[in-house]
Amino acid sequence: MNLPNLLEAKKRSREKVLTKTNAYIIENNLKNLGVGKKYYVKTYGCQMNEHDTENIKAILEDMSFTEALEMEDADLILLNTCAIRENAHNKVFGMIGRIKHLKETKPNIMVGLCGCMAQEEIVVEEILKKHKWLDIVFGTHNIYNLPNILVKSLKEQKLEVDVLSCEGDIIENIPVKRDSKYKAWVNIMYGCDKFCTYCIVPYTRGKQRSRNPEYIINEVLELVKNGYKEVTLLGQNVNAYGKDLNSDYKMENLLEDVANTGIERVRFVTSHPWDFTDNMIETIKKYDNIMPYIHLPLQSGSSKILKLMGRRYTKESYLELYQKIKKALPYSSITTDIIVGFPGETEADFKETLEVVESCQFDSAYTFIFSPRVGTPAAKMDDNVTIDEKNNRLQRLNNLINEYSKKANDAYLNKVVPVLIEDYSEKDSHKLMGYTDTMKLVNIDGNEEYIGKIVNVRINEIKTWSMDGEIVNDHISV
Ligand code: SAH
Ligand code: SF4
Ligand code: F3S
């Protein structure tokens, strides 16, 4: 049993991170383990977490499991969890309760928990105390070892916990079963060294480790060959890419090389304002296939709160960067993340956040109430803002954000914009859905032949969170 340890996870070793191309091996006797059995993976977290699920699915399929469409039909259920806020935690334990009932009627099902919550001591303690009936718990650093963890639990017929608190090396040969045939997630780095005082990610994902550029470029070239139209380069802090590689190769170089693979659309998330260089702005401007869409988390508009958060920029420097990007890329859309009710946030601090929102007029924003995470410095700060006040601030902030989202969308009325058609719309199966270059969701009348293509769409109706449009000419890419 390997148990998580937050103090260990906080350490940043100077040891060189190795790239391993053969660490994932599946022994012959495990290749048929899942014959006739189905798996179901439920994903709770961010894009990285979603991409991990794509790896987990492929590993399970290497063992001959097949995917179940409903959890109730599965022989193996995995919860790939997120630790970012308390409500994610509650949702997962609610689900564990539901699955326990399912197991009463289907005693042979196997159940596992993985992802960022597995890296938290309190979570594993709770599982050991109350949910020992689970079969496996593994973390974010040893996904490639899933076959062996599963077999150990099967052999010993008991809960196998295997969570590593030190991140280890970069494993390059983990298989992937991508959700989409047209757009793909591509990890460019793992972990985070920023240690914002409220955030659990540096503990659950370990130190920053950038993938070597050649592996990233080769992955994108392979995707182009297989007909993919869009890649999203993933990292908690993509602008800091390469800082740990001891070379001059930085995010702007990677962006350029990825753009030159010929993939039609390049996106990247998330951009920490701190590392956003002028060269990056120039590169985005230079390449038509780097999408004019930037997610630039603000977190707070008060420099006092930003300092307490450890964000290392001020209200003024954020605004300056924002204006610089907008000036260089006037057509771009910019979205953000904001936390309200951080310890010590006064009404005056909150008003500064509203002021920044008014000044930037973001295309949209993810807004959150501060959630104390055990082990992070902010969890120990004096928090004297009442929950009613926090809810009230969130409501006021959302009203303003929605107003500007609608305004930003209104500017698209009657314009013709490129949309990558992904699928039928979930809400209306007679419509197609896709995203503009600026990441606006568009629902469109049309048929199957357009799926997977980038087409010109005239926007003819605006809603707060989406738009409706019609295809105006034949596809512009095949
Ligand atoms: N790496 C990204 C953020 C990843 S987490 C960045 O630095 O911008 C996604 C968002 O969750 C954060 O931007 C933040 O707004 C929110 N978040 C993180 N920790 C939180 C906490 N403890 N309480 C509330 N929101 C939090
Ligand atoms: Fe968390 Fe900050 Fe790292 Fe983003 S940059 S993942 S908010 S510690
Ligand atoms: Fe959540 Fe882990 Fe992502 S905490 S936001 S799943 S990195």
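**A walk through a predicted model**

A hairpin links β20 to β21 through four residues. The strands β20 and β21 (residues 467-471) run antiparallel and are joined by five bridges. Find Glu 461 in the structure: Glu 461 stands opposite Asp 468 in β21.

Strand β20 (residues 454-462) also pairs with β17 (residues 416-424). These two strands run antiparallel as well, and five bridges join them. Here Pro 418 stands opposite Asn 456 in β20. What holds such strands together? Strands of a sheet pair through backbone hydrogen bonds, either parallel or antiparallel.

Now look for the parallel case. Three strands form an open sheet in the order β14-β15-β16, and their pairing is parallel. Which strands lie at the edges? They are β14 (293-295) and β16 (364-369), each of which pairs on one side only. Neighbouring strands of this sheet are turned by 10° against each other on average, direction ignored. Between β14 and β15 (residues 333-340) there are three bridges, in the parallel sense. One facing pair to look for is His 295 and Thr 335, the latter in β15. A helix packs on this sheet too: α13 (residues 387-410) touches β15 and β16. The direction of α13 makes about 175° with that of β16.

Next, turn to helix α5 (residues 146-156). Which of its residues are buried? They are Leu 146, Pro 147, Ile 149, Leu 150, Val 151 and Ser 153. These buried residues pack against several elements: helix α2 (47-62) and the strands β4 (76-81), β5 (110-115), β6 (136-138) and β7 (160-162). After α5 comes Gln 157, with a positive phi near 55°.

For a contrast, go to Arg 14, in the loop between α1 (6-10) and β1 (19-20). Is Arg 14 buried or exposed? Arg 14 counts as exposed because its relative accessible area is 85%, and the cut-off for exposed is over 50%. Now trace the chain from Arg 14 to Glu 389, 375 residues apart. Their C-alpha atoms are separated by 44 Å.

Finish at ligand 2. The residues around ligand 2 include Cys 192, Cys 196 and Cys 199. Lys 194, Phe 195, Tyr 198, Val 201 and Pro 202 are also among them.

Key. Residues are numbered from 1 along each chain as its sequence is written. Chains are lettered from A and ligands numbered from 1 in the order in which they are written. This is a predicted model: local features need pLDDT of at least 70, side-chain atom pairs count only at pLDDT 80 or more; totals for chains, interfaces and linings use all residues. Side-chain values use heavy atoms; hydrogens and water are left out. Two strands pair if DSSP finds at least two bridges between them. Axes are lines fitted to C-alpha atoms, for helices over the stretch in contact, and angles run from 0 to 180 degrees between N-to-C directions. Contact means heavy atoms within 4.5 Å. Buried means under 20% relative accessible area, exposed over 50%, partly exposed in between (1.4 Å probe, protein chains only). A residue is near a molecule or strand if one of its heavy atoms lies within 4 Å of it.
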